[in-house]
Every structure is written in structure tokens, then in C-alpha cells.
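This report concerns aromatic ring pairs and strand pairing in one protein model. Please consult the sequence and coordinates shown here.

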Amino acid sequence: MNKNDNGHFDLNLLKVFVALYEEGSASRAAVRLTVTQSAVSAALKRLRIIYDDQLFIRNSQGLQPTSKAHAIKPIIADSLDNFVSTLNHLSDSQLKYANQSIMIGLSDDFELFIGSTLAEKIKSKFPRLKVVFRQTNSQKVVNALVEREIDIAITSTYLRSSAIQSDLMKYGNYSCLISRDFVFPETEKTLDLETYLASDHVLVSGDGLTGSVDELLSRNGQKRNVAMATTHFSALPFLLQGPRTLATIPSHAAQAISQVCGLVNLPCPLKFDDYPVSVSWHKIRAKDSLILEIITLVKECFSESNLQQHFDVN
């Protein structure tokens, strides 16, 4: 360390060092510390001068710590933990993972369904850990895990990649959402195939062009009328206003949305194959204790009795 800087040393620089070391990315460190990426870069520049070392070198995996960074990290981390404990009088269990973040990638249907439950479970076990939900989809989730943009992914597919480990948790299916003003042709409020095909559909899809419903109907020589399309499930309460408008979405999302906004959740007259629901992570983090503990909490969310009606295990 440059001894001339000792009298003006900013302890926040040590927090930046630990965040960079554990996140392996300036952008992720910035999210964790709730600062801008430029602030993290400026702090790293100062740290390099103070320690007379590069500390972190960029490669294909992100920021790789130098040998000096590896050597001083335990000392810095312990010092920060001790300092925090003197201020807050926290127990060892409460200090665990203090000032760290966990990035969970998932589409907003899963966020609507288990987001609050999962966040509460994590908060109960790790009160100092910051939970960040990041929107992802099947087209970009593998790359997001490899690039460490996210730590864990929850997907409605089983990820197959040499770099990724996945655990199948459940199987899901589809339901329909309609408004309470939906007009049925008969007095009995059931959604038959004829009424279904004659309705105006709101498509929820990553590309906004086609979805699993269209693929199934095409195989059967049928077609639906897609009146609107959105990339977000959370938009449905505002879009399903017409008397003949409906949306076909995963049953867990239909249940979550109908419980809070007054839409009606009905069985879908189409017969879909079940789809897998998986939790995935990068293989190089397979022994990371935090990752493993969060995965356990994710699995608990999907195994609870009040969720099993939507996810059947084969």
C-alpha cells in the first residue's frame, strides 16, 4: 500500500474491492453497492494506486483477481465485518452475506407467482443479503448465467448446456384469464373450444409474434385471432378489458394475477403437454454455499402445498 495515502483512506474503497472480488464484474458490483458503474471504476483506479497493483484483470470470465487481490481479500473482508459488527451489534448469523447481492433471473410470471414468497424466505435466513430479480427468457438465460449477469435462473424449460447445471423441480400447464365482463354464448360460464377460438386473444410472448397456443392450433389445422400482444404478464390486468378478450398463460401466473386484480381464471379447452420448471446455475459455482442455499429456498417455494395444484410432479 502507498503509505502516503493512509491518512486520507476512504473505507468505502474496501467495500468496492470486496464487491468486485465477489461479483467479478464492475456492473454487478455497482448494482450491489447501489452506485454507478463509473463510481466503481473510479474506486478501482484509486485502489490500484494505493495497493500498487492491478488487483483485477479483465478476461473472458469477467474481472479476474490478481495474486495480491487473493492475498488481501480475506483480511479486508474480515476487517469490514468486524467494523460493521461494532456499529450494529449484529450476531454472526445476521452478518452472514452482509453487503452481498443474489441475482435471480426469471420471467415475470414466476416473479409474480413466487417473488414475494422467495424474497421473504431469503430475508428470514439472510437478513443482510440483497435480493435482485432480473427479467430473462429462454433465449438469453444461458448466456446470462455464463456471463454472471445472474446467479440463478428459474425457467419454464430444462437448460441443456455443458456450462450449466439444472434441476427439474415441477411440471406446469396452462390456463385462461378473462375479465369478469366476458360474454359467454350460453348461460353456463364455461370456456368451450368454439368460444375460445372465436374470442380476441392477448398473446404474451418474448417476440410478440407467436406462442405455444399458435403452435398447437397449427398442428390441429386451427387458428386464433390475436388482437394484442405483450412481452409482460403484468400488463394483462390492463389489457383484458373486452367482453370477448382472453389470454392463455401458465396456470401459476393465471392464479397469481387473478388473486390480486379481479380477473377470472378458467381451465383452457386446449390440451397442452406439460412443460418442465427448472432451477439452473453455472457449474463453476456448484460449491458456492450461498448459491446452494438459495437454490434450496427456491425449491421450497415450488414444493409448498399451496403451489402443488399448479405444478404436478410426474
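How many aromatic pairs does the structure hold? It holds 6, where rings of Phe, Tyr and Trp (its six-membered ring) pair if their centres lie within 6.5 Å, and planes under 30 degrees apart count as stacked, over 60 as edge-to-face and the rest as tilted. Two of these pairs are tabulated below.

| Pair | Centre to centre | Between the planes | Class |
|---|---|---|---|
| Phenylalanine 17 and phenylalanine 56 | 5.4 Å | 50° | tilted |
| Tyrosine 174 and phenylalanine 272 | 4.6 Å | 40° | tilted |

The model is predicted: local features need pLDDT of at least 70, side-chain atom pairs count only at pLDDT 80 or more, and totals for chains, interfaces and linings use all residues. Residues are numbered from 1 along each chain as its sequence is written, and side-chain values use heavy atoms, leaving out hydrogens and water.

Phenylalanine 17 belongs to helix H1 (residues 12-23) and phenylalanine 56 to strand E1 (residues 56-59), so their pair ties together parts 39 residues apart in sequence. Helices (H or I, at least four residues) and strands (E, at least two) are DSSP runs, numbered from the N terminus. Phenylalanine 17 is buried at 0% relative accessibility; buried means under 20% relative accessible area, exposed over 50%, partly exposed in between (1.4 Å probe, protein chains only). Ring pairs also link Phe17, Tyr21 and Phe56 into a cluster.

Strand E8 (residues 200-204) has 4 of its 5 residues buried. Strands pair if DSSP finds at least two bridges between them. E8 runs parallel to strand E9 (residues 225-230), with 5 bridges, and parallel to strand E10 (residues 245-250), with 2 bridges.
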